Amino acid sequence: MGAVPDDHENSLRRAPVQQRSAERLDRILEACAVLLDETGYEQLSTRAVAARAGVPIGSVYRFFGNKRAMADALARRNLDVYAERVTARLGGLPAADWRAAIDAVLDEYLEMKRTVPGFALVEFASQGTPNEGNPLVADRLTTLLASHLGRAADEALHRTFLVAVEAADAVLQLAFRTRPEGDPGLVAEVRVLLRAYLAKTLD
């Protein structure tokens, strides 16, 4: 992933400067993600992450004070990756087709939910701060979609996307509790819900 963006700094004790240090941080976060899938958050430990990453325990503590800080950094990295994936998808879509843009936003989330290690437990906010995730996603999507659609990223648009994210998240959590890969009927309902709600603002 390279150097960590500024919004990671509240989780990191020290931001990496050299490429070697950045690569070591990536290995630590990858190990954290895999262990979250294997053991869950409660059993996660900095020592286990160090062993899985193949780095000294001191290397983990150089970046993180505890496992919550590590999970926070993983969540922020997930959000950065999600934004990159959405941006790439939007680049190939006509600006006038907001429905295709919303489909891309949903599809990229579903793909990450199904394939990215650790994402099932740590999406865009850690276990310690679960309520922070949706506002962060709404902030990022407001900026990305406003730019793509040629609209002002004002308070009204942000509020609309925050409601959309909160509503979609509630049904998607149900979909993935129902089936590990996400119940397709419930996922389809999320698509209907988003299109119906957003039409009043984006049509």
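# Notebook: helix packing and aromatic pairs

I started with Thr 160, which counts as buried because its relative accessibility is 7%. The cut-off I used for buried is under 20% relative accessible area. The model is a predicted one. I placed Thr 160 in helix H7. I then looked up what Thr 160 touches, leaving aside neighbours within four places in sequence, and found Tyr 197, Leu 198 and Thr 201.

**Entry: the chain as a whole**

I counted eight helices and zero strands in the protein chain. Read from the N terminus on, the elements run α-α-α-α-α-α-α-α. The protein chain has 203 residues, and buried residues make up 48% of them. I also checked how far along the sequence the contacts reach. Of the contacts between residues at least 6 apart in sequence, 68% join residues at least 24 apart.

Two packed helices are described by the angle between their axes and the distance between the axes. I took both values for each helix pair I looked up.

For helix H1 (residues 19-39) and helix H2 (residues 46-53), I noted a crossing at roughly 115°, with the axes coming within 8 Å. The crossing of H1 and H2 is right-handed. On the H1 side I listed Arg 27, Ile 28, Ala 31, Cys 32, Val 34, Leu 35 and Glu 38, and these meet Ala 48, Val 49, Arg 52 and Ala 53 in H2. Sorted by class, the residues of this contact are eight nonpolar, no polar and three charged.

**Entry: H4 and H6**

I next looked up H4 and H6, which pack at an angle of about 20° with their axes 11 Å apart. That angle makes H4 roughly parallel to H6, since angles under 35 degrees count as roughly parallel. H4 passes H6 in a right-handed crossing. From H4, the contact uses Leu 79, Asp 80, Tyr 82, Ala 83, Val 86, Thr 87 and Leu 90, and from H6 it uses Leu 136, Val 137, Arg 140, Leu 141, Leu 144, Leu 145 and His 148. I sorted the contact of H4 with H6 by class and got ten nonpolar, two polar and two charged residues.

**Entry: H5 and H7**

I went back to H7, this time for its packing against H5. Helix H5 (residues 98-115) and helix H7 (residues 155-178) pack at an angle of about 40°, and their axes are 13 Å apart. H5 and H7 are therefore oblique to each other. I recorded the crossing of H5 and H7 as right-handed. The residues that meet are Ile 102, Leu 106, Tyr 109, Leu 110, Lys 113 and Arg 114 in H5, and Phe 161, Leu 172, Gln 173 and Phe 176 in H7. By class, I noted seven nonpolar, one polar and two charged residues in the contact of H5 with H7.

**Entry: aromatic pairs**

How many aromatic pairs does the structure hold? I found five. For Phe 63 and Phe 64, the ring centres are 6.3 Å apart and the planes stand at 55°, so the pair is tilted. I checked the burial of each partner. Phe 63 is buried, with a relative accessible area of 0%, and Phe 64 is buried, also with a relative accessible area of 0%.

I then took the pair of Tyr 82 and Phe 124, which is tilted, with 5.2 Å centre to centre and 40° between the planes. This pair links distant parts of the chain, 42 residues apart: Tyr 82 is in helix H4 (residues 67-90), and Phe 124 is in the loop between H5 and helix H6 (133-149). I noted both Tyr 82 and Phe 124 as buried. Tyr 82, Tyr 109, Phe 119 and Phe 124 form one aromatic cluster.

**Entry: Tyr 109**

Is Tyr 109 buried or exposed? I found Tyr 109 buried, with a relative accessible area of 7%. Tyr 109 is in helix H5. Leaving aside neighbours within four places in sequence, I listed Tyr 82, Phe 119, Glu 123, Phe 124, Leu 172 and Gln 173 as the residues in contact with Tyr 109. Of these, Leu 172 and Gln 173 are among the H7 residues in the contact with H5, and Tyr 82, Phe 119 and Phe 124 belong to the aromatic cluster with Tyr 109. I also looked up Arg 85, which is 24 residues from Tyr 109 in sequence and 9.2 Å from Tyr 109 in space, C-alpha to C-alpha.

Methods: Residues are numbered from 1 along each chain as its sequence is written. This is a predicted model: local features need pLDDT of at least 70, side-chain atom pairs count only at pLDDT 80 or more; totals for chains, interfaces and linings use all residues. Side-chain values use heavy atoms; hydrogens and water are left out. Axes are lines fitted to C-alpha atoms, for helices over the stretch in contact, and angles run from 0 to 180 degrees between N-to-C directions. Helices (H or I, at least four residues) and strands (E, at least two) are DSSP runs, numbered from the N terminus. Angles under 35 degrees count as roughly parallel, over 145 as roughly antiparallel, 65 to 115 as roughly perpendicular and the rest as oblique. A crossing is left-handed if the near helix is turned anticlockwise from the far one by less than a right angle, and right-handed if clockwise. Contact means heavy atoms within 4.5 Å. Ala, Val, Leu, Ile, Met, Phe, Trp, Tyr, Cys and Pro count as nonpolar, Asp, Glu, Lys and Arg as charged, and the others, Gly among them, as polar. Rings of Phe, Tyr and Trp (its six-membered ring) pair if their centres lie within 6.5 Å; planes under 30 degrees apart count as stacked, over 60 as edge-to-face and the rest as tilted. Buried means under 20% relative accessible area, exposed over 50%, partly exposed in between (1.4 Å probe, protein chains only).
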